[in-house]
Number of protein chains: 2
Amino acid sequence: MNDSTPATPAPAAPARRSDTTRRAILEAARERFAADGYERATIRAIAQQAKIDPSMVMRYYGNKEGLFAAAVAIDLKLPDPSSLPRDEAGRALVTHFLHQWEENEVLTALLRVGVTNDAGAERMRGIFNDQLLPLARRVCPDSEQAPARAALVSSQLLGLALTRYVLRFPPAAHLHPEEITAWLAPTVQHYLTAPHPGV
Amino acid sequence: MNDSTPATPAPAAPARRSDTTRRAILEAARERFAADGYERATIRAIAQQAKIDPSMVMRYYGNKEGLFAAAVAIDLKLPDPSSLPRDEAGRALVTHFLHQWEENEVLTALLRVGVTNDAGAERMRGIFNDQLLPLARRVCPDSEQAPARAALVSSQLLGLALTRYVLRFPPAAHLHPEEITAWLAPTVQHYLTAPHPGV
DNA sequence: CATGTTGGTCAACGTCTGTTGGCAACGATA
DNA sequence: TATCGTTGCCAACAGACGTTGACCAACATG
């Protein structure tokens with residue numbers, strides 16, 4: 001379906017002969033982490049799914065933490081906030097998130113692991129800081145309130161992912177994407193741009 | 001299928017001599033499950049914290065799953081929907097949830113475990129079905145849409161708990177409860193009672 | 001007193017975990 | 001052909017895990 005191998009960026013890839021194996025390991029790792037979480041996704045299970053020996057995982061990724069770090073190196077590819085009208089940011093964010101989440105399982109892996117593994121949680125905080133927060137700073141009216149507004153947005157977006165893809169509450173899992181967008185876009189838009197409700 | 005946890009047993013308590021130990025085990029279990037999740041909350045660690053032998057846990061709760069079931073047997077004590085005005089249900093729900101979450105760690109334990117353990121997820125689906133869904137059926141205008149509306153509400157409430165208590169995004173963790181209520185109450189109210197936005 | 005039940009500790013079991021080092025086959029280079 | 005780094009499998013390690021059963025001390029009841 002997808003091949004989101006995290007772009008060996010500027011430095012030219014050495015193109016080793018083992019690249020297919022490395023990719024197979026990463027793909028299997030993402031699948032196991034997404035389905036089982038950090039502890040229950042064993043190196044042995046990942047290796048078996050990638051049809052190689054467990055020791056190969058260690059050779060190529062050092063240890064389990066290194067494997068996880070490599071498996072969830074992900075870019076949300078959030079839309080450029082300056083390229084869309086300010087009053088459509090909510091809808092754009094929701095549809096973008098929903099699409100990202102449906103199309104690959106890295107995000108589910110990250111969410112599942114982030115809840116029980118500290119490195120996973122730290123990774124999620126990093127993504128929040130580096131990707132969602134800058135967008136909020138550009139979109140919301142008072143940039144001083146951007147962190148709180150971004151936190152509210154993430155609470156709604158991650159909460160949807162949690163109930164839909166992880167806990168699988170039946171009504172949440174069966175909602176149509178268009179319906180989700182219709183409900184959530186105004187909420188997110190509100191969190192981003194509505195005046196502070198006051199306390 | 002359903003468990004028989006003596007949560008609030010009307011039948012006269014046998015009042016065994018070991019009740020203090022049993023309570024100590026449950027308390028330690030809740031703390032470890034909340035802090036570490038299912039896999040990393042080992043029986044040995046729980047026993048050590050409760051200052052007893054690991055084998056006692058097995059004797060009193062059968063196995064680890066039984067211990068978990070007993071530790072997270074919880075009643076959300078949701079307010080009676082018929083006792084509050086329909087247009088205040090959102091605010092009431094948010095403040096109630098926030099209060100429950102701040103005051104005891106069972107909910108955090110449940111959330112952490114529900115994400116990686118299937119029994120935990122099933123327990124959360126049960127709570128959703130038995131406690132939040134009935135409330136939604138009474139509050140929202142079209143009871144046929146109650147499941148979807150309840151799912152949206154839970155996505156926002158659990159998403160807040162996730163970012164605030166589990167992932168600990170700094171802006172989410174530092175928000176004042178009053179501010180959270182001011183932002184979330186209209187959202188929840190909207191999910192409960194606003195007309196369907198259409199697709 | 002004798003006896004059975006309960007509360008508790010201790011040591012061990014079998015299994016699974018991440019991780020390591022050795023060894024065989026391959027591919028390119030010389 | 002001989003050499004050398006790479007790719008891969010195999011067997012094993014030490015530690016942690018859930019779980020079990022033997023054993024002891026205190027108590028309650030006949």
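Colleague: How many helices and strands does chain A have?
Modeller: In this predicted model, chain A has ten helices and zero strands. From the N terminus on, its elements therefore read α-α-α-α-α-α-α-α-α-α.

Colleague: What does the C-alpha trace of chain A span along its principal axes?
Modeller: The span is about 55 × 40 × 30 Å.

Colleague: And what share of its residues count as buried?
Modeller: Of the 199 residues in chain A, 42% count as buried. As for contacts in chain A with a separation of 6 or more, 66% come from residues 24 or more positions apart.

Colleague: Turning to the interface, how many residues of chain B are in contact with chain A?
Modeller: There are 41 residues of chain B in contact with 41 residues of chain A.

Colleague: Which helix of chain B gives the most to that side?
Modeller: Helix 8 of chain B does, with 14 residues. The elements giving two or more residues include helix 1 (19-40), helix 7 (118-139) and helix 10 (177-193) of chain B.

Colleague: What is the make-up of that side by class?
Modeller: The side of chain B that touches chain A has 23 nonpolar, eleven polar and seven charged residues.

Colleague: Now the core. Which residues have the most contacts inside the largest nonpolar core?
Modeller: That core has 116 residues, and those with the most contacts inside it include A:Phe33, A:Val153, B:Phe33 and B:Val153.

Colleague: What is B:Phe33 in contact with, leaving aside its neighbours within four places in sequence?
Modeller: B:Phe33 is in contact with B:Tyr38, B:Ala41, B:Phe68, B:Ala71, B:Ala109, B:Arg112 and B:Val113. Of these, B:Ala71 is itself listed among the residues with the most contacts inside the core.

Note on methods: Residues numbered from 1 in each chain as written. Chains lettered and ligands numbered in written order. Predicted model: local features only at pLDDT ≥ 70, side-chain atom pairs only at ≥ 80, totals over all residues. Core = buried A, V, L, I, M, F, W, Y, C linked by C-beta atoms within 7 Å. Buried ≥ 20, exposed ≤ 12 C-beta atoms within 10 Å, placed from the backbone. Contact = placed C-beta atoms within 7 Å. Helix = DSSP H or I, 4+ residues; strand = E, 2+ residues; numbered from the N terminus. Nonpolar A, V, L, I, M, F, W, Y, C, P; charged D, E, K, R; others polar.
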